[in-house]
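Open the model in your viewer and keep the selection panel at hand.

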Amino acid sequence: MMEHSEQHTTEYDSQLERIPHYERHPQMMPFVGTNYGKHGPKVLLIGESHYLNLKSTIHLDPEVWYETTTADLDRDALDDRRREYWATHTRACLTKKGPTWKKKSFTIFRNLEAALVEAGYPVADNTLRYVAFMNGFQRPAVSRLSIKDTALDRERSAATVQSVIDVLQPDHVICV
């Protein structure tokens, strides 16, 4: 099995870091697999959003959230320092730590991996290494719930998704 850090590439980071939302929340930058575009077309998968636990409040007000930074997440995670940072860390979420996606919250990744194999992608320690993944909404939802989006969420999400598409130049964009 390859090292976890080899599951994604930082090849696009110099461009992704210039996207306004990622300047404030670099941990939310897309997971771009090390084999992105090397097995057929470049595919960008877009999920809904990250999720923060029920005790977190920093993301409940969209205007407050879009003014926060990664440092603010540390202050909001009173009972488990940096928990909120990691809960919004796209690459950490998609870096497979073993042979299976164990957590129930990772069912989406198990299903995506199975679908990619069914579509003809090679079985790998992490088949997601052949695609890119990001969340459409840039503000986390409350744990186990869909986001209650606002006009501001849709505006920021549309701008961020378009910027990522401009950088990654995918052949296909699939919302999951």
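Start with the aromatic rings: this predicted model holds three aromatic pairs. Select Tyr 12 and Tyr 36. Their ring centres are 6.1 Å apart and the planes meet at 85°, over the 60 degrees cut-off, so this pair is edge-to-face. Tyr 12 sits in the segment before helix H1 (13–16), and Tyr 36 in the loop between strand E1 (31–32) and strand E2 (43–47). The pair therefore ties together parts that are 24 residues apart in sequence. Both Tyr 12 and Tyr 36 are buried.

Next, select Tyr 121 and Tyr 130. Here the centres are 5.9 Å apart and the planes lie at 50°, so the pair is tilted. Tyr 121 and Tyr 130 are both buried.

Move to His 25, in the loop between helix H2 (20–24) and E1. Is His 25 buried or exposed? Its relative accessibility is 0%, so His 25 counts as buried. Beyond its neighbours within four places in sequence, show its contacts: Trp 65, Thr 68, Thr 69, Thr 70 and Leu 73.

Now colour the largest nonpolar core, which has 21 residues. Tyr 12, Leu 16, Tyr 22, Leu 44, Met 134, Val 164 and Leu 168 touch the most other members. E2, strand E4 (132–135) and helix H8 (151–168) each supply at least two residues of this core. H8 gives the largest share, four residues.

Zoom in on Val 164. Not counting residues up to four places away in sequence, Val 164 touches Leu 16, Ile 19, Tyr 22, Pro 30, Leu 44, Met 134 and Gln 169.

Last stop: a second, separate core of 15 residues. Select Trp 101, Phe 109, Leu 112 and Leu 116, which are among its members.

Notes:
Residues numbered from 1 in each chain as written. Predicted model: local features only at pLDDT ≥ 70, side-chain atom pairs only at ≥ 80, totals over all residues. Heavy atoms only, no water. Phe/Tyr/Trp six-rings, centres within 6.5 Å; stacked < 30°, edge-to-face > 60°. Buried < 20%, exposed > 50% of the residue type's maximum accessible area, 1.4 Å probe, protein only. Contact = heavy atoms within 4.5 Å. Core = buried A, V, L, I, M, F, W, Y, C linked by side-chain atoms within 4.5 Å.
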